[in-house]
Amino acid sequence: MKLKTAIITGASTGIGKAIAQKLAKTGFRVLLIARSSGKLKQIVKEIESEGGQAEYYKVDLSNEQDIKGFLKEVENNIKAGNYSQIDALLNIAGVWHDKKQVFAGTDFEKFDDNVIKNTYAVGFTAPTLLAHGLIPFMKKACHIINISGTFENGAKGWLPYYASKKGLEELTYGLGEELKHKGICVNGISPSDTATEEYSKWFPDCIEDAIDPKEIAKLVVDIISSNKTGTIQVIKKYDYSKEDVQFVKHAIVLAKKSLKKGMFPSGALLVCNGKIISEHLATPYPKSNLHSDSKCIDEAMNILNKPLNQCTLYSSMEPCLMCLSRAYWSGLKRIVFATKKESLPYVLCYESNLNNYSLLEKFNSKIEMIHIKELESEILPLFEQWQKVML
Ligand SMILES: [Zn+2]
């Protein structure tokens with residue numbers, strides 16, 4: 001099999017290392033870049049021992065001459081026929097700590113000038129120069145992937161790092177647009193806190209809630225096997241917050257109330273900017289078309305008098321076809337629920353032949369459907385009781 005060639009910066013640890021190992025197993029010769037060669041040598045050895053091909057380059061990405069030197073080496077290798085093109089460039093390296101300190105929590109005016117310059121150089125200028133220098137060696141279906149970050153708590157505390165990564169996202173969008181006609185794909189991945197060696201060193205208490213770098217490596221493989229371009233894909237360990245859990249619990253309370261009144265055990269609420277706009281129980285038979293999800297959507301549309309694209313629907317159960325379609329036409333972008341359709345073995349709850357997710361794929365605008373599995377056990381007994389009432 002002819003190997004493809006990928007260049008990976010920041011490859012000595014964490015996300016870069018995970019991506020290098022993954023790509024080496026999926027048909028790539030990986031060219032690994034980092035500031036020091038010690039760890040890179042070890043990774044090259046590991047990859048080779050598993051039958052992969054890897055080379056390492058000691059490049060200081062804050063140094064323009066180093067970057068030029070590396071680009072020259074790539075050019076020479078291509079001229080020599082060692083490989084014919086660069087199939088993927090992965091800009092991973094970023095500066096958010098040095099050996100002695102982590103820059104998180106630092107007030108902007110307290111940053112050392114050199115740290116700011118170094119952060120921009122490695123996190124923004126280097127990816128720009130690498131893309132600039134390597135595009136001539138890229139063709140249709142080659143990929144540039146830039147790693148940024150979600151910064152859930154905002155820019156405050158590590159503004160230079162934040163700015164370098166947000167700049168990189170803008171570069172991703174702009175370059176994606178510009179290279180469309182050549183068929184070169186440019187995408188970004190914006191991960192939440194990731195469980196790297198450095199992360200566990202500086203934030204040992206948060207490691208449980210951080211993403212496994214291997215998840216990011218998997219997403220890289222997905223992107224490379226697609227022809228999408230100009231996207232930034234957010235990846236988080238949890239796609240819901242503690243606040244989401246509280247609101248879904250509230251929907252479960254409403255479902256319990258419904259059941260107490262002898263009605264179908266469902267409840268829903270619609271929330272905009274943390275504020276409950278509408279909440280509803282089920283409706284007694286025979287008005288079986290008035291579902292709690294639909295009632296919440298209709299009432300919120302009346303109250304807010306605008307599309308619901310800033311709102312979230314919280315429900316005790318996955319919405320039915322009618323409620324999902326209503327959500328679509330209301331502009332809703334996010335639905336969070338306690339129990340999945342497949343977990344409810346009662347044909348009466350849903351039109352059993354239709355799958356929401358295959359429908360979602362066909363919608364013109366995306367609706368995020370989030371299942372909070374940990375709450376499912378609270379809702380299932382309600383359906384058992386309801387079935388007894390019905391029969
Ligand atoms: Zn419904």
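In what order do the strands of the 7-stranded open sheet follow one another? In this predicted model, the order is β3-β2-β1-β4-β5-β6-β7, and the pairing is parallel. At the edges stand β3 and β7 (232–235), and each has a single partner strand, so one side of each is left without a neighbour in the sheet. Direction ignored, neighbouring strands here are turned against each other by 15 degrees on average.

Two of the pairings in this sheet can be followed residue by residue. Strand β2 (residues 28–34) runs parallel to strand β3 (residues 53–58), and 6 bridges connect the pair. Within this pair, L31 is found opposite E55 of β3.

Attention can now turn to the helices. Two packed helices are described by the angle between their axes and the distance between the axes. For helix α3 (residues 64–79) and helix α4 (residues 113–134), the axes come within 10 Å and the crossing angle is roughly 25 degrees. The two helices, α3 and α4, are therefore roughly parallel to each other, and their crossing is right-handed. On the α3 side the contact involves I67, L71 and V74, which meet A126, L129, L130, G133 and L134 of α4. Sorted by class, the residues of this contact are 7 nonpolar and 1 polar, with no charged ones.

Helix α4 also packs against helix α5 (residues 159–178), with axes that come within 8 Å and cross at roughly 15 degrees. With that angle, α4 is roughly parallel to α5. The crossing of α4 with α5 is right-handed. From α4, the residues in contact are V115, I116, T119, Y120, G123, F124, P127, T128 and A131, while α5 contributes P160, Y161, S164, K165, G167, L168, L171 and L175. The class count for α4 with α5 is 11 nonpolar, 5 polar and 1 charged.

Strands of a sheet pair through backbone hydrogen bonds, either parallel or antiparallel. Strand β8 (residues 267–272) and β9 run antiparallel and are joined by 6 bridges. A268 has H280 in β9 as its bridge partner.

The axes of helix α8 (residues 242–260) and helix α12 (residues 376–390) come within 11 Å, crossing at roughly 10 degrees. This angle makes α8 roughly parallel to α12. Is the crossing of α8 with α12 left-handed or right-handed? Here α8 passes α12 in a left-handed crossing. The meeting residues are I252, A255, K256 and L259 from α8, and E378, I379, L382, Q385 and W386 from α12. By class, this contact of α8 with α12 has 6 nonpolar, 1 polar and 2 charged residues.

Methods: Residues numbered from 1 in each chain as written. Predicted model: local features only at pLDDT ≥ 70, side-chain atom pairs only at ≥ 80, totals over all residues. Axes fitted to C-alpha atoms, helices over the stretch in contact; angles between N-to-C directions. Helix = DSSP H or I, 4+ residues; strand = E, 2+ residues; numbered from the N terminus. Parallel < 35°, antiparallel > 145°, perpendicular 65-115°, else oblique. Left-handed = near helix turned anticlockwise from the far one by under 90°. Contact = placed C-beta atoms within 7 Å. Nonpolar A, V, L, I, M, F, W, Y, C, P; charged D, E, K, R; others polar. Pairing = 2+ DSSP bridges.
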